[in-house]
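Hi there,

Here is the structure I promised to pass on. Have a look at it first, and then read on for what turned up.

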Amino acid sequence: MRVLTLQELVGSGLSNERAQSLGATLASVPRDLAPSEIWRRLTARPRARGTSGAAAPPPLSRDLPLATHQLVFAAVYEGWDAAQGPPPVWLPEPEDVASSNLSGLMERRGLATYEALYEFSIRDRAAFWGEAIEQLGVVFRQPPDNILAPGSPTRPRWLPGARYNIVESCLAAAPDQIAIVSAGGPDGALTKLTYAELAASVHRVAGALTAAGFVPDDAIAIDMPMTAEAVIIYLALVRSGLRVISIADSLAAAEVATRLRIASARGLFTAHSIDRGGKRLPLYEKLLPAAPPRTVVLDAGSAALRAGDVTWESFLAAAPARPPEAVIGEPDTITNILFSSGTTGDPKAIPWTQLTPIKAATDAAYHFDVKSHDVIAWPTNLGWMMGPWLIYASLLNRATMALYTDAPTTRAFGEFVSRAAVTVLGLVPSIVKAWRSDDRMRGLDWSQLKCFGSTGEASSEVDQFDLMRMAGYRPVIEYCGGTEIGGGYVTGTLQRPAAPATFSTPALGSELVILDEAGQPTANGEVFLVPPTLGYSQTLLNRDHDEVYFAGTPPGPGGAPLRRHGDQIERLPGGYYRALGRVDDTMNLGGIKVSSAELERVLDVVPGVRRTAAIAVNPPGGGPSELVVYAVVDAAHPHAGDREALLRALNGALKSDLNPLFRITELVLIDAMPVTASNKIMRRELRAGHRRI
């Protein structure tokens with residue numbers, strides 16, 4: 001560890017007195033310790049002893065400036081051998097490791113190390129997923145004949161012979177256990193729902209669905225904020241054998257209409273309006289141009305509704321006193337239709353089956369160590385995969401789901417995290433970036449947190465370092481996957497040290513390979529997945545599944561077929577990984593996956609625009625992708641000479657016709673678009689050229 005001078009410490013933002021105190025503490029640390037052990041001593045909160053008094057804060061307390069933490073970190077790890085992997089900011093405590101779900105699994109299997117556990121999970125996949133199903137306590141009406149039937153790895157048969165309804169497993173916790181804690185609005189009061197109350201509400205809605213004439217396999221859309229009512233409706237639909245159509249409440253009417261058409265929607269649940277940041281925004285009215293089928297409207301009050309549409313109260317009033325029996329299905333029964341951007345045309349319609357929840361909940365149990373006493377918050381929406389993921393990750397692990405119905409970028413959300421006693425807090429990196437802009441979460445007590453989760457887009461090292469610091473050094477579990485695999489393929493674990501913006505392991509039960517453009521193994525290239533893994537998609541509603549994911553992929557280990565995924569990943573020393581974005585023409589903007597084609601379809605019709613090309617670029621130092629648009633403009637149009645006016649028009653089109661959350665960071669005007677002989681835009685050339693600007 002390099003000795004820091006008083007001048008350096010003061011320069012990091014400390015007062016002279018504070019700098020002297022910290023300098024003395026640093027000087028007292030034995031120099032013969034490993035850097036990681038020195039860092040642990042400086043950041044780990046001592047365990048409280050006895051029954052009185054709180055644990056003392058660590059020398060590097062969270063109230064010190066970020067610059068001070070970064071300065072000390074660099075000094076501690078100066079000369080660090082990069083062959084060991086990235087220097088860790090968080091290190092697991094032995095007692096926490098010993099009590100984890102992973103250690104329980106390792107003990108049952110006689111495995112001494114995490115590395116041996118991972119090898120077991122891909123070497124004997126049937127045994128691993130059998131252990132996961134037992135861990136979750138999945139309730140079967142008819143148990144499976146076995147876990148994995150012999151057959152094609154691209155079309156595996158999981159749990160053959162099993163019959164069940166996954167919602168029965170979601171409601172299997174102790175009746176008085178809290179299932180949902182929620183808050184939002186001006187008063188921020190907490191509302192709690194026990195598992196018994198949740199089950200009663202789900203049963204009542206299921207009865208109302210039957211009374212309304214819906215039958216199994218009907219597809220019903222949900223387009224509303226992630227509230228307790230939305231969760232109840234979701235579970236009631238699945239319990240009734242219906243298919244949930246997941247639609248994000250931020251989508252424009254045209255995009256909603258596309259999803260209703262693709263999924264053959266027979267009904268819709270929505271809210272009359274949404275409260276965001278002190279403003280009430282219309283939702284039901286916004287959806288009417290999409291010509292939705294008969295609609296149930298929550299919080300409608302005395303507002304006028306379209307003929308045939310009903311209020312939530314009227315819908316519930318028709319429920320019979322005795323709820324219908326749950327509809328029992330097979331493992332591949334479709335429960336949910338979600339959407340993910342393809343590179344052309346309509347979004348891909350991806351069915352989730354009764355297997356997908358098991359994948360989601362297994363990731364939560366083993367990689368986030370979710371137990372029944374945990375409280376999970378992950379600001380999201382049922383229109384994105386993390387909405388259903390949150391339902392299953394919490395309820396199948398008999399934990400508590402924390403829902404905040406207003407914007408998660410405000411300090412009020414941070415206060416909710418404290419008051420709801422959240423232990424696992426999932427975030428999109430863009431949220432963390434917003435928090436850091438003015439240090440708005442400063443001073444909040446997040447000592448109850450066990451870990452963070454991060455998904456949706458590439459993370460910034462400095463943002464994630466600061467996030468760990470804000471909670472008194474808790475790990476960030478980076479989590480990367482997709483809608484079509486029901487969870488993650490590369491992630492972190494509480495068994496391994498955590499470094500900002502890196503993954504420490506492939507997900508248990510998932511195997512990946514990284515290949516270059518010639519199909520050869522490389523440390524930096526395109527990710528391909530090695531099937532089979534329980535929960536991965538096997539069908540698409542509006543595409544040929546094999547063509548999308550398997551056609552033309554190179555052979556994998558031992559000649560196994562590889563599944564295309566589209567992410568670019570770098571393998572780091574020490575078994576770590578770093579995400580580098582997408583290799584195809586899709587991107588993540590604010591945690592929302594969207595294709596260049598979808599963006600350009602909206603932008604190309606703006607008056608004066610001849611053609612556009614949308615690309616995502618990662619800012620210097622990493623972090624969430626930024627949207628850059630190249631445009632060829634009609635020279636005779638006023639926009640040709642007014643870039644700012646054109647930028648406003650393009651952003652206005654995105655807001656009104658696609659998603660108000662999308663915003664162009666940079667507009668580049670060019671004379672001609674680089675295209676192939678078949679007139680396809682060469683976006684890779686644009687991306688390479690932008691890096692040189």
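Phenylalanine 140 is partly exposed, with a relative accessible area of 21%. Please keep in mind that this is a predicted model. The ring partner of phenylalanine 140 is tyrosine 164, and the two sit edge-to-face, with 5.1 Å from centre to centre and 80° between the planes. Tyrosine 164, by contrast, is buried, at a relative accessible area of 0%. The cut-off for buried is under 20%, so phenylalanine 140 at 21% falls into the partly exposed class. This pair links distant parts of the chain, 24 residues apart. Phenylalanine 140 belongs to the loop between helix H8 (125-136) and strand S1 (148-149), while tyrosine 164 belongs to the loop between strand S2 (157-158) and helix H9 (166-170).

Another ring pair brings together tyrosine 404 and phenylalanine 416. Their ring centres are 5.3 Å apart and the planes are at 35°, so this pair counts as tilted. Tyrosine 404 is in strand S15 (residues 400-404) and phenylalanine 416 is in helix H17 (residues 411-419), so the pair ties together parts 12 residues apart in sequence. Both partners are buried: tyrosine 404 has a relative accessible area of 15%, and phenylalanine 416 has 0%.

In the whole structure, the search finds 27 aromatic pairs. Some ring pairs join up into a cluster made of Trp39, Phe73, Tyr77, Trp80, Phe465 and Tyr473.

Two members of that cluster, Trp39 and Phe73, also take part in a helix contact, with Trp39 in H3 and Phe73 in H4. The axes of helix H3 (residues 35-43) and helix H4 (residues 66-76) come within 9 Å and cross at roughly 150°. The two helices are therefore roughly antiparallel to each other, and their crossing is right-handed. On the H3 side the contact uses Pro35, Ile38, Trp39 and Leu42, and on the H4 side His69, Val72, Phe73 and Val76. Seven of these contact residues are nonpolar, one is polar and none is charged.

How much of H4 is buried? Eight of its 11 residues are, so to speak, tucked under cover, and H4 is mostly covered. The buried residues are Leu66, Thr68, His69, Leu71, Val72, Phe73, Ala75 and Val76. They pack against helix H1 (6-11), helix H2 (16-27), H3, helix H18 (429-436) and helix H19 (461-470).

Helix H11 (residues 228-239) and helix H16 (residues 386-395) pack at an angle of about 80°, and their axes are 11 Å apart. That makes H11 roughly perpendicular to H16. From H11, Val231, Tyr234, Leu235 and Val238 meet Pro388, Ile391, Tyr392 and Leu395 of H16. The residues of this contact are eight nonpolar, with no polar and no charged ones.

Helix H11 also holds alanine 230, which is buried at a relative accessible area of 0%. Setting aside neighbours within four places in sequence, alanine 230 is in contact with Ile222, Met224, Pro225 and Leu382. The C-alpha atoms of alanine 230 and threonine 270 are separated by 8.7 Å, although these residues are 40 apart along the chain.

Best wishes

Technical notes: Residues numbered from 1 in each chain as written. Predicted model: local features only at pLDDT ≥ 70, side-chain atom pairs only at ≥ 80, totals over all residues. Heavy atoms only, no water. Axes fitted to C-alpha atoms, helices over the stretch in contact; angles between N-to-C directions. Helix = DSSP H or I, 4+ residues; strand = E, 2+ residues; numbered from the N terminus. Parallel < 35°, antiparallel > 145°, perpendicular 65-115°, else oblique. Left-handed = near helix turned anticlockwise from the far one by under 90°. Contact = heavy atoms within 4.5 Å. Nonpolar A, V, L, I, M, F, W, Y, C, P; charged D, E, K, R; others polar. Buried < 20%, exposed > 50% of the residue type's maximum accessible area, 1.4 Å probe, protein only. Phe/Tyr/Trp six-rings, centres within 6.5 Å; stacked < 30°, edge-to-face > 60°.
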